[in-house]
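Visitor: I would like to learn how to read charged side chains in a protein model. Please take me through some cases.

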Amino acid sequence: MESDKHILILNGPNLNLLGRRDPKQYGTRTMEQIMVDLQRTYPEVYFTYVQSNHEGVLIDTLQQAEQYAGIVLNAGGYTHTSVALRDAVEMCLNPVIEVHLSNIHEREAFRQVSMLSDVCRETIIGKNCYEEAVSHIISIGG
């Protein structure tokens with residue numbers, strides 16, 4: 001496996017409930033379906049998927065992520081609250097793309113602030129954000 005074709009998909013709290021949780025905001029696709037779609041669209045890429053409801057697991061995963069060409073990060077609610085996660089992203093040497101299935105800029109005031117955007121390479125919002133983020137990583141040499 002070539003490291004330039006290995007991408008980490010890292011999801012935070014409650015994203016294990018995709019497909020069931022508020023489909024108007026997050027869509028009806030499960031994360032399993034998103035991963036199948038990613039692999040179908042990018043057969044040359046090896047994906048590793050990690051989801052945790054625990055902040056420390058997300059931080060540990062980022063701190064041990066040197067082997068990836070890039071990281072697609074949906075930090076869930078930690079996007080708006082976690083200085084520690086922000087610090088871990090800032091220390092990553094590989095590109096981190098922040099993604100959100102819902103438009104955080106049109107939601108509650110507390111969700112409109114991302115503590116991660118300024119330390120991520122890009123922020124992508126929308127139902128196809130994972131696919132767009134992978135495309136972006138590949139386009140920059142990942």
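Guide: Begin with R40, which forms a salt bridge with D37; their closest N and O atoms are 3.2 Å apart. A salt bridge here is a side-chain nitrogen of Lys or Arg within 4 Å of a carboxyl oxygen of Asp or Glu. The model is predicted, so local features need pLDDT of at least 70 and side-chain atom pairs count only at pLDDT 80 or more, while totals for chains, interfaces and linings use all residues. Residues are numbered from 1 along each chain as its sequence is written, and side-chain values use heavy atoms, with hydrogens and water left out.

Visitor: Why can such side chains pair at all?

Guide: Side chains of opposite charge can pair when their charged atoms come close.

Visitor: Where do R40 and D37 lie?

Guide: Both are in helix α2 (residues 31-41), 3 residues apart, which is about one turn of the helix. Helices (H or I, at least four residues) and strands (E, at least two) are DSSP runs, numbered from the N terminus.

Visitor: Is R40 buried or exposed?

Guide: Buried means under 20% relative accessible area, exposed over 50%, and partly exposed in between (1.4 Å probe, protein chains only). R40 has 61% relative accessibility, so R40 counts as exposed. D37, with a relative accessible area of 21%, is partly exposed.

Visitor: How many salt bridges are there in the whole structure?

Guide: A search finds 5. One of them joins E90 and R86, at 3.4 Å from N to O. These two residues are 4 residues apart in helix α4 (residues 83-91), so about one helical turn separates them.

Visitor: How accessible are E90 and R86?

Guide: E90 is partly exposed, with a relative accessible area of 48%. R86 counts as buried because its relative accessibility is 19%.

Visitor: Which salt bridge do D118 and R86 make?

Guide: Their side chains meet at 2.7 Å, N to O. D118 lies in the loop between β4 (96-100) and β5 (122-125) and R86 lies in helix α4, so the pair ties together parts that are 32 residues apart in sequence. D118 counts as exposed, at 57% relative accessibility.

Visitor: Which residues do salt bridges with shared partners join into one network?

Guide: That network consists of R29, D37, R40 and E131.

Visitor: What can be said of L93?

Guide: L93 lies in the loop between α4 and β4. L93 has a relative accessible area of 86%, so L93 is exposed. From L93 to A65 the distance is 8.8 Å, C-alpha to C-alpha, and the two are 28 residues apart in sequence.
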